[in-house]
Amino acid sequence: ILRWTGVGAIGGLAGYLGWPDRGTVYPQGVKPSVDGATAREAQTTQAQSTASAPAGPMSREAFLSHLGSTFQLDSGTSTTLLKVSDAQRTASKTATFVSFSLLFSAPAGSPSESRIYQATHAKMGEMELFISPVGRSKELVHLEAIISQRV
């Protein structure tokens, strides 16, 4: 339970302040980041990341293998995973955490309040994610989840 509470707090704070976007990986057909990096450059940067996340069903690598795929939220919203950020390592006196963000897109007009959603993926199964809206256009709402794991 404490792990998921940390995800919610970090996700809310990151959504409010903005999460650093360093070397994200894009699925085929998605435009490159604002800094002009191409998808191939982003993948190279992604592979060179020094922070490593724990292995498992909620690992960064698990999400990377499903870029461009659909996640169904309990609100009835169908989202597409657009980006998985580099892992960032944060250490304190008592613990070390590895965090990364997930950027999803959903159709405009989709419910997009910040809260914990039950997300379902065809291959990854069910998971709880704290998701916050981080941008919108006429066609899409962008949603972000932050995963933070103790290592």
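Biologist: Which residues form one aromatic cluster?
Modeller: In this predicted model, the structure holds 3 aromatic pairs. One of these joins Phe63 and Phe100, and another joins Phe71 and Phe104. The residues of the one aromatic cluster are Phe63, Phe71, Phe100 and Phe104.

Biologist: How is the aromatic pair of Phe63 and Phe100 classed, and what is the angle between the planes?
Modeller: A pair of aromatic rings is described by the distance of the centres and the angle of the planes. For Phe63 and Phe100, the centres are 6.3 Å apart. Planes under 30 degrees apart would count as stacked and those over 60 as edge-to-face. The pair of Phe63 and Phe100 falls in the remaining class, tilted, with an angle of 55°.

Biologist: How many residues apart in sequence are the parts that the pair of Phe63 and Phe100 ties together?
Modeller: Phe63 belongs to helix α3, residues 60–64. Phe100 belongs to strand β4, residues 96–107. The pair therefore ties together parts of the chain whose separation in sequence is 37 residues.

Biologist: Is Phe63 buried or exposed?
Modeller: A residue counts as buried under 20% relative accessible area. Phe63 has a relative accessible area of 0%, and Phe100, its partner in the tilted pair, also has 0% relative accessibility and counts as buried. Phe63 is accordingly classed as buried.

Biologist: What kind of aromatic pair do Phe71 and Phe104 form?
Modeller: The ring centres of Phe71 and Phe104 are 5.4 Å apart, with 75° between the planes. The pair links distant parts of the chain, with Phe71 in strand β1 (residues 70–73) and Phe104 in strand β4, 33 residues apart. Phe71 is buried at 1% relative accessibility, and Phe104 is buried at 2%. Because an angle over 60 degrees places a pair in this class, the pair of Phe71 and Phe104 is edge-to-face.

Biologist: How many residues does the largest nonpolar core have?
Modeller: In soluble globular proteins, nonpolar side chains tend to be buried together. Here, the residues with the most contacts inside the largest nonpolar core are Phe63, Leu81, Leu102, Phe104, Met127 and Leu129. Elements that each supply at least two residues of this core include α3, β1, β4 and β7. The number of residues in the core is 22.

Biologist: Which residue has a side chain joined to that of Ser148 by a polar contact?
Modeller: Ser148 is located in strand β7, residues 140–150. With 6% relative accessibility, Ser148 counts as buried. The polar contact between the two side chains spans 3.1 Å, and the partner of Ser148 is Ser99.

Biologist: How far apart in space are Ile146 and Leu103, C-alpha to C-alpha?
Modeller: Ile146 is also part of strand β7, and its 1% relative accessibility makes it buried. In sequence, Ile146 and Leu103 are 43 residues apart. In space, their C-alpha to C-alpha distance is 9.0 Å.

Biologist: Over the face of which residue does Arg115 lie?
Modeller: A charge sits over a ring when, among other conditions, CZ of Arg is within 6 Å of the ring centre. Arg115 is at 4.0 Å from the ring centre.

Biologist: What share of contacts between residues at least 6 apart in sequence join residues at least 24 apart?
Modeller: The protein has 3 helices and 7 strands, running α-α-α-β-β-β-β-β-β-β from the N terminus. Buried residues account for 42% of its 151 residues. Among the contacts in question, the share that joins residues at least 24 apart is 60%.

Notes
Residues are numbered from 1 along each chain as its sequence is written. This is a predicted model: local features need pLDDT of at least 70, side-chain atom pairs count only at pLDDT 80 or more; totals for chains, interfaces and linings use all residues. Side-chain values use heavy atoms; hydrogens and water are left out. Rings of Phe, Tyr and Trp (its six-membered ring) pair if their centres lie within 6.5 Å; planes under 30 degrees apart count as stacked, over 60 as edge-to-face and the rest as tilted. Helices (H or I, at least four residues) and strands (E, at least two) are DSSP runs, numbered from the N terminus. Buried means under 20% relative accessible area, exposed over 50%, partly exposed in between (1.4 Å probe, protein chains only). A charge sits over a ring if NZ of Lys or CZ of Arg is within 6 Å of the ring centre and within 35 degrees of the ring normal. A polar contact is a pair of N or O atoms within 3.5 Å; within protein, one must be able to donate a hydrogen and the other to accept it, and residues adjacent in sequence count only if both atoms are side-chain atoms. Contact means heavy atoms within 4.5 Å. A nonpolar core is a set of buried Ala, Val, Leu, Ile, Met, Phe, Trp, Tyr and Cys residues joined through side-chain atoms within 4.5 Å.
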